[in-house]
Amino acid sequence: MNQKRPLDLALEYMEIVYGERQLEDLYHLLTPDCSFHGPLFQFDTAEGYIKSMLDAPPEDFEYKLRHSFEDANVACLVYDFFKPGIRAPMVQIFETRDGRISKITLIFDTAPFN
């Protein structure tokens, strides 16, 4: 069975978070021990990360992809994040293991959100 490439996994993640899919779909995309590290939030398990998004679902935002890169086990997306009154460039790094995302690092300047 062919495993999805890191870039395919990263783009599927974006489709779930920013698109019309259900946030619960992340359970099949992330390893149970998937960690998330960003400037505002950090989680050490997929359960904690997904639960936080289900408790306070992201809404009224979108993104426009600038660049995407991948190697054997890592994908990187560079994009512009848009929310009413906010535009912020962001970088998200996705590390993968066994066909699933095992670590997410989100990098952006928090100043536009204050």
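Rings of Phe, Tyr and Trp (its six-membered ring) form an aromatic pair if their centres lie within 6.5 Å; planes under 30 degrees apart count as stacked, over 60 as edge-to-face and the rest as tilted. The model is predicted, so local features need pLDDT of at least 70 and side-chain atom pairs count only at pLDDT 80 or more, whereas totals for chains, interfaces and linings use all residues. Residues are numbered from 1 along each chain as its sequence is written, and side-chain values use heavy atoms, with hydrogens and water left out.

**View 1. The aromatic cluster.** Tyr18, Phe61, Tyr63, Tyr79, Phe81, Phe108 and Phe113 together form one aromatic cluster.

**View 2. Aromatic pairs around phenylalanine 43.** The ring rule gives a count of 13 aromatic pairs. One of them is stacked and joins phenylalanine 41 to phenylalanine 43, at 6.5 Å centre to centre with 20° between the planes. Phenylalanine 43 also pairs with tyrosine 49, and this pair is tilted, with 5.8 Å between centres and 50° between the planes. Which of these residues are buried and which exposed? Buried means under 20% relative accessible area, exposed over 50%, and partly exposed in between (1.4 Å probe, protein chains only). Phenylalanine 41 counts as exposed because its relative accessibility is 53%. Phenylalanine 43 counts as buried because its value is 18%, and tyrosine 49 is buried at 5%.

**View 3. Strand E4 and its two partners.** Helices (H or I, at least four residues) and strands (E, at least two) are DSSP runs, numbered from the N terminus. Two strands pair if DSSP finds at least two bridges between them. Strand E4 (residues 74–83) is largely enclosed by the rest of the structure, because seven of its 10 residues are buried. Strand E3 (residues 62–70) runs antiparallel to E4 and is joined to it by eight bridges; the two form a hairpin with three residues between them. Histidine 67 stands opposite valine 78 in E4. E4 also pairs with strand E5 (residues 86–97), again in the antiparallel sense, over 10 bridges. Here phenylalanine 81 stands opposite alanine 88 in E5. The hairpin of E4 and E5 has two residues between the strands, and in it glycine 85 takes a positive phi near 85°.

View 4. Serine 102 belongs to strand E6 (residues 100–107). This residue counts as buried because its relative accessibility is 11%. Leaving aside neighbours within four places in sequence, serine 102 is in contact (heavy atoms within 4.5 Å) with Thr31, Asp33, Cys34, Ser35, Glu95, Thr96 and Arg97.
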